[in-house]
Amino acid sequence: MLAENNAVMGKAISGVWQLTEEERIREKCRAREEWLINDKWKRDKIAEQELEIADQKAIIKEYEISDKKKSETIAKLQEEMKRQKQEIEELKRGRSVGI
């Protein structure tokens with residue numbers, strides 16, 4: 001047809017095709033670059049959250065240790081209080097008996 005016989009038309013079609021193909025390549029490059037940026041952001045965010053989780057676990061462990069120590073102290077004080085109450089009762093009984 002007309003375009004088949006015309007060399008200028010053939011060059012123009014080839015040029016348009018080449019520009020279109022180059023635009024597709026540029027778009028793929030842009031998409032890849034955007035993906036890399038997003039992927040890096042995600043990896044950085046995950047690393048940041050992992051550090052935060054590790055810090056929170058350490059804080060929880062400290063509270064658990066502190067809580068255990070407090071519970072042990074409370075138990076010791078309760079035992080001491082029980083012992084002192086028994087001692088007081090024994091002293092009261094000794095007075096009422098006339099010792």
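**A tour of the salt bridges**

Across the whole structure, a search finds nine salt bridges, a salt bridge being a side-chain nitrogen of Lys or Arg within 4 Å of a carboxyl oxygen of Asp or Glu. This is a predicted model, in which local features need pLDDT of at least 70 and side-chain atom pairs count only at pLDDT 80 or more, while totals for chains, interfaces and linings use all residues. Residues are numbered from 1 along each chain as its sequence is written, and side-chain values use heavy atoms, with hydrogens and water left out.

Of the 99 residues in the chain, buried residues make up 1%, where buried means under 20% relative accessible area, exposed means over 50%, and partly exposed lies in between (1.4 Å probe, protein chains only).

Next, select Glu 21 and Arg 24, whose side chains meet in a salt bridge with N and O 2.9 Å apart. These two residues are three apart in helix H2 (residues 7-97), so about one helical turn separates Arg 24 from Glu 21. Arg 24 counts as partly exposed, at 47% relative accessibility, and Glu 21 is also partly exposed, with a relative accessible area of 26%.

Now move to Glu 23 and Arg 26, which both lie in helix H2, three residues or about one turn of the helix apart. Their side chains meet in a salt bridge of 3.3 Å, taken from N to O. Glu 23 is partly exposed at a relative accessible area of 34%, and Arg 26 is partly exposed at 40%.

Which residues do salt bridges with shared partners join into one network? Select Glu 23, Arg 26, Glu 27 and Arg 30 together, for these are the residues that the network joins.

Finally, go to Glu 80, which lies in helix H2 and is partly exposed, with a relative accessible area of 31%. The side chain of Glu 80 makes a polar contact of 2.4 Å with the side chain of Arg 83; a polar contact is a pair of N or O atoms within 3.5 Å, and within protein one must be able to donate a hydrogen and the other to accept it, while residues adjacent in sequence count only if both atoms are side-chain atoms.

Note on methods. Helices (H or I, at least four residues) and strands (E, at least two) are DSSP runs, numbered from the N terminus.
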